[in-house]
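Please consult the sequence and the coordinates alongside the points below.

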Amino acid sequence: MDNKAYIDSLVLKGKAAVEEISGYSQEQIDKMVQAISKASMAHAMEVAQINMVETGMGNLQALTSMSSGAMLFYDGVKGQKSLGLIDEDPVTGLRTFAKPMGVLCCSAPSTTPVFNIIFVAVHGLKSGNAVISCPHPNAKKCVIREIEVMREALVSVGAPADLLQVIEEPTIELSGILMESCDAIIAVGGAAMVKAAYSKGKPCFGVGQGNVQTLLGKDYADLDNMAKNMFESRINGNGVPCTGEQTLWIPRDKHDAVVAAFEKLGAYYLNDKAVIGQMRAAFFDERGINRAIVGKRPKKALAAAGITLEDLSDKNQLLVVELNSWGKDEPLAREIMFPIIRLNMYDDFDEAVRLARGNLLIEGAGHSAGVWSRDQKEIDYAAHMLPVGRLLVEQGGGNSTGSFFNGLPFTNAVGCGTWGGNTISENLTFRHLRNFTKVATMQNAGIMAKIDFQKMMACD
């Protein structure tokens, strides 16, 4: 079977599965979603171990937590009407029916493959779609196992297993054919892959690159709280998630206290200009980031880049670097996917915001930023000026993918809007993965009676 015929067979099975559940009640839909979520939770450790060995990125605790994240996704969608009649407008009389898009193509990057597969499966099935996953070749084993787990769960509740399928021997060619053959694409991964997805002529939901800029307000005093939250966010998955803070802009007079707060947590503070120069030379090349440093603790990441620090321990989970440099000519101002935070000092908060904005427009536009402040003017200025879809106030960057406490829905696809070359600038959920039928009637004569057509024609 040639590649096109192979993909066509997967898509046809997916379409048949969508048709089979087209008459499902909301209760039956939710039963499927609950089943795959529970199964993912039950096998979280097993799949995380496969993931870690296969990709060499992250750590077992974080990867297990990500697999367990299925219940966060489930909690975010349970009890919500997703298909059929979902809205009736009492004023206009418009009634809205939601319907599935069909067969979704889902990429699975090597950085967070299983987490992404679970996310798309939960939200794709919630909206009545089928999902065909195309994993990165370096993450195919863990993705295949996760799909097996969820397919078995579907069968256990009487649903068709082919709602979830996977390309078992993924290639760039197969990925491209799948993107061209499906009904919609969910593209989570590197910039090149996302750009390729948008070029396929199908509806596409992509993500932009992270490079989270965080600002410490002039008068913010709880530095231990800030350091703790940022520390936990940045060491998660050994710095692989794009949500982790990259640069911290701090008032000059708070520099020593900020460094001390991070050091109390076990961070390693680096201000050796010679070593920082070595990092500039080793972290990036013409292809992008040095893959050898991705997802490693600081000591291993630096060693992979040929840099040795005698007093840097395996126990140091975070590297805090005195950078005070930014812009297109500063390679260390880019997104770096291991646990590192760069410090830039400022004298004027507004100027720091403008510099952070400039950094984002070079890399990271549309994604997220943070501000540690209780001064509403500072918060509002940052919100007004920064080209991001999410501004997190007094919380770790990981919360940009959703939290019980900040109102953002749980997701693994943070839309970055036109800033990041995306369709949406909000967190992707099942709500985006549907078609809608609007039923409009001419029965509401009361509305017609209230319209002043003469005033309308006068543009008053």
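Which residue in strand 2 is the bridge partner of G84? The partner of G84 is A98. The model is predicted, so local features need pLDDT of at least 70 and side-chain atom pairs count only at pLDDT 80 or more, whereas totals for chains, interfaces and linings use all residues. Residues are numbered from 1 along each chain as its sequence is written, and side-chain values use heavy atoms, with hydrogens and water left out.

**Hairpin**

- Strand 1 (residues 84–88) and strand 2 (residues 95–100) run antiparallel and are joined by four bridges; strands pair if DSSP finds at least two bridges between them.
- Helices (H or I, at least four residues) and strands (E, at least two) are DSSP runs, numbered from the N terminus.
- Six residues lie between the two strands of this hairpin, and G93 in the turn has a positive phi of about 85°.

- An open sheet of seven strands shows parallel pairing in the order 10-13-14-9-8-15-16.
- Strand 10 (268–270) and strand 16 (388–393) are the edge strands, each pairing on one side only.
- On average, and with direction ignored, neighbouring strands of this sheet are turned by 25° against each other.
- Four bridges link strand 8 (residues 212–216) to strand 15 (residues 366–372) in the parallel sense, and T214 has G370 as its bridge partner in strand 15.
- Helix 14 (residues 349–362) packs on the sheet, where it touches strand 8, strand 9 (245–251), strand 14 (340–346), strand 15 and strand 16; contact means heavy atoms within 4.5 Å.
- The direction of helix 14 makes about 175° with that of strand 8; axes are lines fitted to C-alpha atoms, for helices over the stretch in contact, and angles run from 0 to 180 degrees between N-to-C directions.

**Helix pairs**

- Helix 5 (residues 70–77) and helix 6 pack with their axes 9 Å apart at an angle of about 25°, and are therefore roughly parallel to each other.
- Angles under 35 degrees count as roughly parallel, over 145 as roughly antiparallel, 65 to 115 as roughly perpendicular and the rest as oblique.
- This contact involves A70, F73, Y74 and V77 of helix 5 with F115, I118, F119, V122, H123 and K126 of helix 6.
- Helix 10 (residues 223–235) and helix 11 (residues 255–264) have axes that come within 9 Å and cross at roughly 50°; the two helices are therefore oblique to each other.
- Helix 10 contributes L223, D224, M226, A227, M230 and F231, which meet A257, V258, A261, F262 and K264 in helix 11.

**Nonpolar cores**

- The largest nonpolar core has 72 residues, and I36 and L163 have the most contacts inside it. Such a core is a set of buried Ala, Val, Leu, Ile, Met, Phe, Trp, Tyr and Cys residues joined through side-chain atoms within 4.5 Å.
- Helix 6 (residues 113–126) supplies the largest share of this core, nine residues.
- Residues up to four places away in sequence aside, L163 touches A17, V18, I21, M32, L125, N129, A130, V131 and L154.
- A second, separate core has 27 residues, including L270, I276, A282 and I336.

**A buried loop residue**

- V294 lies in the loop between strand 12 (288–289) and helix 13 (298–304).
- At 0% relative accessibility, V294 counts as buried; buried means under 20% relative accessible area, exposed over 50% and partly exposed in between (1.4 Å probe, protein chains only).
- Apart from neighbours within four places in sequence, V294 is in contact with M57, V240, I289 and M337.
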